[in-house]
Amino acid sequence: MDEGLQAFSDNNHRNITIVSKVPDVCRKQPCALGIDEAGRGPVLGPMVYGITYCPESRAEELKAIGCADSKTLTEEQREKLFGKLDSLQDFVGWAVEVISPNSICNNMFKRLKHSLNEVSHDSAIGLIRKALSLEANITSVFVDTVGPPEKYQAKLSALFPGIKITVSKKADSLFPVVSAASICAKVARDKALSTWKFKESPFISLKAENQELKWGSGYPGDPTTKKFLAQNIDVVFGFPQLVRFSWSTSEQILKTKGVTVEWEDTEEQENQAVSVKKFFYNSGKSNSPRRHPYFIDRKLKQATKLI
């Protein structure tokens, strides 16, 4: 997992999926797969979806090694349990998708809004498909619900008709395979946060002199998190990409401290065509304009046609 998270740290504006080796027994025997997430509510950092799967006949062994809802465990306990899970490669497989704050916000701010529930569903569905594509013999899936469990279960059952789907509230405390998935997801999120590389240092003062940068739990109600948001905002560019700028907490701070921009189209401007190239700097070394990281990280491309 560490190698995959390092890749995310280097490009933390993009999502990344990290998978374990598929045990041979999981290709031959009917397997149960659990799904859970970590970091759905925080205003800071990625949301991580995790899956764990193993033969149905051995699912209770996950409970025996101590797998429980990750929220009831300390960080040290989660780390140790993930180490145990990762060592059981003879019958346990896992995968996580780390969904960047940038990706979450871009989806929620689309013209056709893609809600956080839809982002969550997409990730869960993608991870099931990933396990199947790796030839894991998944015959049952247990999911901690997002939204009404009946609708979510019907949706997944329609997509995976050959698999028994169970969507339940508090699934992470009811089914050991979901508990294991919650541990994988939480460990991945904690590591992604602890190794986060800020790329906005030229614009935002992110480290206090001789002091460790602290942002607390990342939840909107945490005073340390609120202090981090208030102190690390650029009045023009806003927040670093660690921050989910679509959350109301960050939106309110930006409205209060940010510069108000008014877009005015004069009659003269409306009648005068302006080339997009005017806004890019050309060093003369190449015919292609040098693009600012802001546009690259957000996957913005120059339009060739206006429709």
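Among contacts in the chain between residues at least 6 apart in sequence, what percentage join residues at least 24 apart? The share is 74%, where contact means heavy atoms within 4.5 Å.

## Basis of the model

This is a predicted model, in which local features need pLDDT of at least 70, side-chain atom pairs count only at pLDDT 80 or more, and totals for chains, interfaces and linings use all residues. Residues are numbered from 1 along each chain as its sequence is written, and side-chain values use heavy atoms, with hydrogens and water left out.

## Overall architecture

The chain contains 13 helices and six strands; these are DSSP runs numbered from the N terminus, helices being H or I with at least four residues and strands E with at least two. Of its 307 residues, 46% are buried (under 20% relative accessible area; exposed is over 50%, and partly exposed lies in between, with a 1.4 Å probe and protein chains only).

A cavity is a set of points on a 1 Å grid over the protein atoms alone where a 1.4 Å probe fits but cannot get out; lining residues have an atom within 4 Å of a point.

The lining of the largest cavity consists of Val19, Ser20, Ile51, Tyr53, Trp94, Ala95, Ala131 and Leu134. Strand E3 (47-55) and strand E4 (93-99) are the elements that give two or more residues to this lining.

## Position of Val235

Val235 lies in the loop between helix H10 (223-231) and helix H11 (248-257). Val235 is partly exposed, with a relative accessible area of 41%.

Conventions. 1 Å grid on protein atoms, 1.4 Å probe; cavity = no way out; pocket = protein on both sides within 12 Å on 5 of 7 lines; lining within 4 Å.
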